[in-house]
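Hi there,

Here is the structure I promised to pass on. Have a look at it first, and then read my notes below.

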Amino acid sequence: MTADVHTMVGAYVLDAVTDLERAAVDRHLRDCEACRTEVDELRETTARLADGAWSVPPPRLRDNVLSAITTTRQTAPISPAAPSPVPAPGRSRLRLVSAAAAVVLAASGAATAVYVIQDQRVRTEQANVAAARADEALTRAVLGSPDLVLREDDVTGGGRVTVASSELQNAGVIMLAAASTPAGDKVYQLWTITPAGATSQGALPPGQTAAMKLVRGLPQSTGVGVTVEPPGGSPQPTSPLSAEVPLI
Ligand SMILES: [Zn+2]
């Protein structure tokens, strides 16, 4: 039973297990620190899903990013030749991957154990969790990529926007850390810019000054912009750029 219990952790966190399975996992968690950590990490991820398109980076990931930026600044000028500032993947990351795999297996029904999915809410949540874990894995891949390039700009009113991009991963991460909320109940909105125009990458909730956004295909854009918009964001920028990071 023990080997199966390990693979049940993802479904357990989502409450997609039977009472018998839950009892088995509960028993197993008492003795297995690795699975306890995995449960904690999965719960952290599911909690962040409530935030929709925007998520505040998990504390450890944010620390990695901040140390990556600090390290790269020390080797300024920032260039494609900058060394990879993120440590090699450790055991924790491998466990994260196996947790994500467990969730995907549970969602696809391919796991050896048969999960009785009680309702649509659980199914939707499982898909959301799988997507969030994929985003998290890609974010780590970008930040750990040997071709990582970091660029940044000051935000009008204080703070910085930092863009980490990798052609190898064909993705980038936009990190906004503004010093204050915009005046007049407005919000920050992020844009990717190409010669064809600006594409919204999401508006922050009112009152939020920091966010991290993974953008697939970011290296195809010519820049990243930040504007101040009415709550909920705008289809196109309605104010001058508060910050602009050229990507070419
Ligand atoms: Zn275990």
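How many residues does the hairpin use to join S4 to S5? The hairpin connects S4 to S5 through 2 residues. Strands (E, at least two residues) and helices (H or I, at least four) are DSSP runs, numbered from the N terminus.

Before going on, some housekeeping. This is a predicted model, where local features need pLDDT of at least 70 and side-chain atom pairs count only at pLDDT 80 or more, while totals for chains, interfaces and linings use all residues. Residues are numbered from 1 along each chain as its sequence is written, and side-chain values use heavy atoms, with hydrogens and water left out.

**How confident is the predictor?**
pLDDT is the predictor's confidence in each residue, from 0 to 100. Its mean over the protein chain is 72, and 63% of the residues reach 70 or more. Over residues 49-59 the pLDDT is below 50, and this stretch has 26 contacts in the model beyond near neighbours in sequence. A contact means heavy atoms within 4.5 Å. Residues 68-119 also have pLDDT under 50, with 70 contacts beyond four places in sequence.

**The whole chain**
The protein chain has 7 helices and 8 strands. Of its 248 residues, 44% are buried. Buried means under 20% relative accessible area, exposed means over 50%, and partly exposed is in between (1.4 Å probe, protein chains only). The accessible surface comes to about 12,200 Å², and 56% of that belongs to carbon and sulfur atoms. These areas come from the Shrake-Rupley method with a 1.4 Å probe; for residues, only the protein chains shown count as cover. If you take the contacts between residues at least 6 apart in sequence, 61% of them join residues at least 24 apart.

**Around S4**
S4 pairs with strand S5 (residues 197-203) in the antiparallel sense over 5 bridges; two strands pair if DSSP finds at least two bridges between them. You can find Trp191 facing its bridge partner in S5, Ser200. S4 is also joined to strand S7 (residues 223-229) by 7 bridges, again antiparallel. There, Val187 has Glu229 as its bridge partner.

**The open sheet**
Another group to look for is an open sheet of 4 strands in the order S1-S2-S3-S6, with antiparallel pairing. S1 and S6 (210-216) are the edge strands, each pairing on one side only. Inside the sheet, 8 bridges join S2 (residues 159-166) to S3 (residues 171-178).

**Two loops**
Is Ser145 buried or exposed? Ser145 is buried, because its relative accessible area is 1%. This residue sits in the loop between helix H7 (120-143) and strand S1 (149-154). The Ser145 side chain makes a polar contact with the side chain of Asp147 (2.6 Å). A polar contact is a pair of N or O atoms within 3.5 Å; within protein, one must be able to donate a hydrogen and the other to accept it, and residues adjacent in sequence count only if both atoms are side-chain atoms.

Gly207 lies in the loop between S5 and S6. Gly207 counts as exposed because its relative accessible area is 55%. Its C-alpha atom is separated by 8.2 Å from that of Pro182, 25 residues apart along the chain.

Happy browsing!
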